[in-house]
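Please look through the structure below before reading on. The paragraphs that follow lead from a pair of helices to the aromatic rings.

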Amino acid sequence: MALTTRPSGGGGDKAPPSASDPSLGFLTKRDTEVKLPRATRVKNKTPAGVQITAEQILREARERQEPEIRPPKQKITDSIELSEYRLRRRKEFEDVIRRVRWNVNAWVKYAKWEEQQQDFARARSVYERALDVAHRDHTLWLKYAEFEMRNRFVNHARNVWDRAVSLLPRVDQLWYKYIHMEELLGAVANARQVFERWMAWRPDTAGWNSYIKFELRYGEVERARAIYERFVAEHPRPDTFIRYAKFEMKRGEVERARRVYERAAELLGDDEDAEVLFVAFAEFEERCREVERARAIYKYALDRVPKGRAEELYRKFLAFEKQFGDREGIEDAIVGKRRFQYEDEVRKNPLNYDSWFDYIRLEESVMNKDRIREVYERAIANVPPAEEKRYWQRYIYLWINYALYEELDGKDMERTREVYRECLKLIPHKKFTFAKWWLMAAQFEIRQKNLKAARQILGNAIGMAPKGKIFKKYIEIELYLGNFDRCRTLYEKYIEWSPSNCYAWRKYAELEKNLSETDRARSIYELAIAQPALDTPEVLWKEYLQFEIDEKEFDRTRELYERLLDRTKHLKVWISYAEFEASAGLGGEDSEGEEIQNEVSSQEQQMERVRRCRAVFEKAFEYFRTSAPELKEERAMLLEEWLNKEVSFGDLGDVTLVQKKAPRKVKRKRPIPTEDGSAVSYEEYIDYIFPDEVALAPNLKILEAAYKWKKQKTDDTDDD
């Protein structure tokens, strides 16, 4: 027998272990070394006249690549070498097994090698030893049995399969393989006996189906029918009965199939998957042209199956009626079943308003007014038990839909007005209210041209439960009608109800400004900024300043800026103040007169603007330098804005004035303590060093000198 292995040297001339590698055979590492030529030094680095591409280089390297050096294949020529080879390999396998005893793959490799050596007894011994270690591993049993079958040891294979299915009866693959072997051998009786042993362990549906298919392959219909009887008794489920009935139907046994379905309907009528069974039963009767039977089955199923699990049943019944029923029957079937479904839902949970909405939409599609009103009245009678708005937010839409239905579809205005009135009585306005309902009631009266009633409703809303949305809509209505005195009264009540609402103050002042009531608008702004608390004061101040600028009241604007700076020294306020001074005119109330315009030239006005703007910037810079020295970034931003403004002034600007005060950016690190305090990390940040700080701090002087030295050194390097 010739096997491929490492050469033994013909009698013992073996290379020493230190000089050879087991994977190289007789070759030493020195023999297999690839000696590369020494890299030559390139003397001429000018480009060659003929250029080659990288693709050509790679292709050439591929073509010149030497084949991989592999140990030569040797043939064993005598029995001594063969015995030595087998002894060495067995020792290697035993060593591996000793190290990894629980590794099934190691045992399988060992057994397969013995099988290749045609030593079946040893291979069988290896498998048996492996089973002592891992008898619960079904793959090991499969390998063992396949080994016996592959080498035609049938009795041994049967023995292995018997032991395997006895130890692991819940592994279906072992049963399938065992039965497949018996079928291949033509031992049908033995295969049937194995199936019976398997069925005693009560397997799942796949096992029973395979047994039935086995009997049908050999034409044993009665045996298959008997197995089906045992199958449905063991697994009484809709799918098993349906499979049994289809089996009978396939062989033309209609009565038998009907009896199977009837047994299933009687036994599994309350099962959670009963819908599938009834649909299959009805379709069976349709195929048999028994329309009345199918309709009776559908109706019986609709009464028995819970409505939440009968969607497919409803769809099939509708398709059935479309095919075999008339139009009225179809519509009645659809509406009746859906109505029954909704009645069941609202009976179980009357506070589920989504079910009421669906029920109402169903009745509106039928367009029966009396029934629609009845459902609406039943729905709104289910008042939420707790007086909390979150429970009422869905409920109030029942009233809204009811009122809209009576107005748009019912065309009954008195009933609509009564709906609005009853709902307003029902809502607990002292705890919460719905501005939407008040506004809808008022808008309904306006559509009926009853302005007095609309004003009364909105007035009651403001008196009982004032809300911003109600004030806004009421003012919008009166403004549209041109009743400005009523608008003023409403704004006063709005402000009295919510004095911190800047929106109300701004809109009130905007109204007076549009009416050219400048003094009234100014008074409103003054009252607004005098409030102790405001929700958005910055917007209010901005509009007030813009109002004075639009009125050309520059002195008032300056005074207003000074008052604002008394409250906040924010950077944006300083910049806005400076922008104003740079663009505003001079003088006060009489700045528009012709006398001052004639006395002061345009150049002098511009110089005065520059002076005033610069004064504001200097004042802001002095504040950030003395009162808020920690706000270095704001001070730097202020200087940047100042510099841009000086540049925009052109010849009148003085850029050097700002540049003298400009800071120098320095990158620094500061510690960031962690949550547990165990370790400290650092982050970089930008620090600003101003000239006045350098003059005061000696350490900063050292930094300044170091910075200058580094800059000088960099310049010298650039010159070189």
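In this predicted model, the crossing of helices α4 and α5 is left-handed. Helix α4 covers residues 79–99 and helix α5 residues 104–116, and the two pack at an angle of about 165° with their axes 9 Å apart. Because angles over 145 degrees count as roughly antiparallel, α4 and α5 are described in that way. Where they meet, α4 contributes residues including Tyr-85, Arg-86, Phe-93 and Ile-97, while α5 contributes, among them, Trp-107, Tyr-110 and Trp-113.

The aromatic rings can be followed next. A pair of aromatic rings is described by the distance of the centres and the angle of the planes. The count of aromatic pairs comes to 46 in this model. One of them joins Phe-120 and Phe-153, an edge-to-face pair with 5.5 Å from centre to centre and 70° between the planes. Since Phe-120 lies in helix α6 (residues 120–133) and Phe-153 in the loop between α7 (138–150) and α8 (154–167), this pair ties together parts that are 33 residues apart in sequence. Phe-153 is partly exposed, its relative accessible area being 25%. Trp-392 and Tyr-395 also form an edge-to-face pair, with 5.5 Å between the centres and 90° between the planes, and both of these residues are buried.

Elsewhere, one aromatic cluster is formed by Trp-175, Tyr-176, Phe-195, Trp-198, Tyr-211, Phe-214 and Tyr-218.

Rings also meet charges here: the charged end of Lys-472 sits over the ring of Tyr-503, 4.4 Å from its centre, and the charged end of Lys-569 sits over the ring of Tyr-623, 5.8 Å from its centre.

Notes: Residues are numbered from 1 along each chain as its sequence is written. This is a predicted model: local features need pLDDT of at least 70, side-chain atom pairs count only at pLDDT 80 or more; totals for chains, interfaces and linings use all residues. Side-chain values use heavy atoms; hydrogens and water are left out. Rings of Phe, Tyr and Trp (its six-membered ring) pair if their centres lie within 6.5 Å; planes under 30 degrees apart count as stacked, over 60 as edge-to-face and the rest as tilted. Helices (H or I, at least four residues) and strands (E, at least two) are DSSP runs, numbered from the N terminus. Buried means under 20% relative accessible area, exposed over 50%, partly exposed in between (1.4 Å probe, protein chains only). A charge sits over a ring if NZ of Lys or CZ of Arg is within 6 Å of the ring centre and within 35 degrees of the ring normal. Axes are lines fitted to C-alpha atoms, for helices over the stretch in contact, and angles run from 0 to 180 degrees between N-to-C directions. Angles under 35 degrees count as roughly parallel, over 145 as roughly antiparallel, 65 to 115 as roughly perpendicular and the rest as oblique. A crossing is left-handed if the near helix is turned anticlockwise from the far one by less than a right angle, and right-handed if clockwise. Contact means heavy atoms within 4.5 Å.
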